[in-house]
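The following exercises concern a predicted model and are to be worked with its sequence and structure at hand. Each task is followed by a stepwise solution.

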Amino acid sequence: MVKMLRKVDVTPANARDIAWVFKTMTLRGVGHHDIGSFPGIIRNLRDGVFNPRPKIKTVVSKQATAVMDADNAPGTLAAFRMTEKAILKARKYGIGIVTMRNSNHFLGSAAYNLLAAEQDMIGITMSNTLASMAAHGSKDKAIGNNPWGFAAKTGAEFPIMLDIANAYASFGKLFDYMNNNWDIPREWGLDELGENTSDPSRVLRGGVSLPMAGHKGFGLAIMVELLTSILAGGAITENVRMNSLEGNGHSQASIVININHFLPVATFEDRTKEMVELLHNHEPLDSEKPVLLPGERSYTSRKKLADEGIVLNQKTVDELTQLLDELNIRT
């Protein structure tokens, strides 16, 4: 990945950090929002859709808070730099809250929250997105599914980690279902006629995603919009554009909490271990499916993939092979 990024004029340090994000997201084993998106970022950098050498700058900085401008950087790089700054502020002030405007798609929150968790902090990261989800009670595309999540190390074997969108299903998951010819639950989305559908292709082609749990998912999407675009001075809801050169791209936010400003990290780990044990002890509905906490499956997948390697789907292999040839990179 680093070689490909260097070929499209990304600096060594930026290439290293973008590659780290893609690696971290891929090792979750989710099957989307991972290396499958990497050919797209290479094409966008090569074709000038993204800025390969952005001047990411801090526009406002006041004690524990900051506003940054990504200068049309890849969202993976912008969110990484944003999280780094939030970590630095949390180290000094106990909490760091940093927003970023003029960015692009950041894949998902997991990588950036794990970056904070590795520093004995709690990471909370979010992004607004292209309007793809209906407002509660509507059938029009009104707001992004506005993904967000959190992560923290625990005294258990795995970190607690949540990485979700506020729709029943992200675009990546809908595409996954469509490509596998799987039906979706009808509450996930509406077709082009405004009717609930079990066909993911009709949601993606003329339809609209629905907020998870109705007004609750819609309310959380608005919360993300407030903490990202509103505070950052970026494009709002339906004004957000994907891969835009006009300064109206995605906005993101990172909230990092320094555990040591509340209690010793060892105590935090003891308490989280106790919490995990208490939650694990509840009787499952299915004896063959134990209670799992957020982040547990990703941790298991990461260990397995690190040992056995990653099997890419044929589409991703073909796209990467073609780009290696176009960029004249020998493997």
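**Exercise 1. Identify the residues with the most contacts inside the largest nonpolar core, and the elements that build this core.**

Step 1. The largest nonpolar core has 46 residues, and Met4, Leu5, Phe38, Ile41 and Ile42 have the most contacts inside it. A nonpolar core is a set of buried Ala, Val, Leu, Ile, Met, Phe, Trp, Tyr and Cys residues joined through side-chain atoms within 4.5 Å. Buried means under 20% relative accessible area, exposed over 50%, and partly exposed in between, with a 1.4 Å probe and protein chains only.

Step 2. Two or more residues each are given to this core by α1 (2-7), α2, α3 (38-46), β2, α4 (75-93), β3 (95-103), α5 and α11 (314-326). Helices (H or I, at least four residues) and strands (E, at least two) are DSSP runs numbered from the N terminus. The largest share, eight residues, comes from α4.

Step 3. Leaving aside residues up to four places away in sequence, Met4 touches Phe38, Ile42, Leu320, Leu323, Leu324, Leu327 and Ile329; contact means heavy atoms within 4.5 Å.

Residues are numbered from 1 along each chain as its sequence is written. In this predicted model, local features need pLDDT of at least 70 and side-chain atom pairs count only at pLDDT 80 or more, while totals for chains, interfaces and linings use all residues; side-chain values use heavy atoms, with hydrogens and water left out.

**Exercise 2. Determine the strand order of the open sheet and which strands stand at its edges.**

Step 1. The seven strands follow the order β1-β2-β3-β11-β4-β7-β8, with mixed pairing; two strands pair if DSSP finds at least two bridges between them.

Step 2. β1 and β8 (160-164) are the edge strands; each has a single partner strand, so one side of each lacks a neighbour in the sheet.

Step 3. β1 (residues 57-62) pairs with β2 (residues 65-69) in the antiparallel sense over five bridges. The bridge partner of Lys57 is Asp69 in β2. Two residues lie between the strands of this hairpin, where Gln63 takes a positive phi near 50°.

Step 4. β2 and β3 are paired in the parallel sense, over five bridges, and Asp69 stands opposite Arg101 in β3.

Step 5. Helix α4 lies across β1, β2, β3, β4 (121-127) and β11 (250-258), running at about 160° to β3. Helix α5 also packs on the sheet, touching β4, β7 (148-152), β8 and β11.

**Exercise 3. Describe how helices α2 and α5 cross, and which residues make the contact.**

Step 1. The axes of α2 (residues 12-26) and α5 (residues 110-117) come within 9 Å and cross at roughly 100°. Axes are lines fitted to C-alpha atoms, for helices over the stretch in contact, and angles run from 0 to 180 degrees between N-to-C directions.

Step 2. The two helices are therefore roughly perpendicular; angles under 35 degrees count as roughly parallel, over 145 as roughly antiparallel, 65 to 115 as roughly perpendicular and the rest as oblique.

Step 3. α2 contributes Trp20, Val21, Thr24 and Met25 to the contact, and α5 contributes Ala110, Ala111, Tyr112, Leu114 and Leu115.

Step 4. Thr24 counts as buried because its relative accessibility is 5%. Not counting residues up to four places away in sequence, Thr24 touches Ala111, Leu114 and Arg302.
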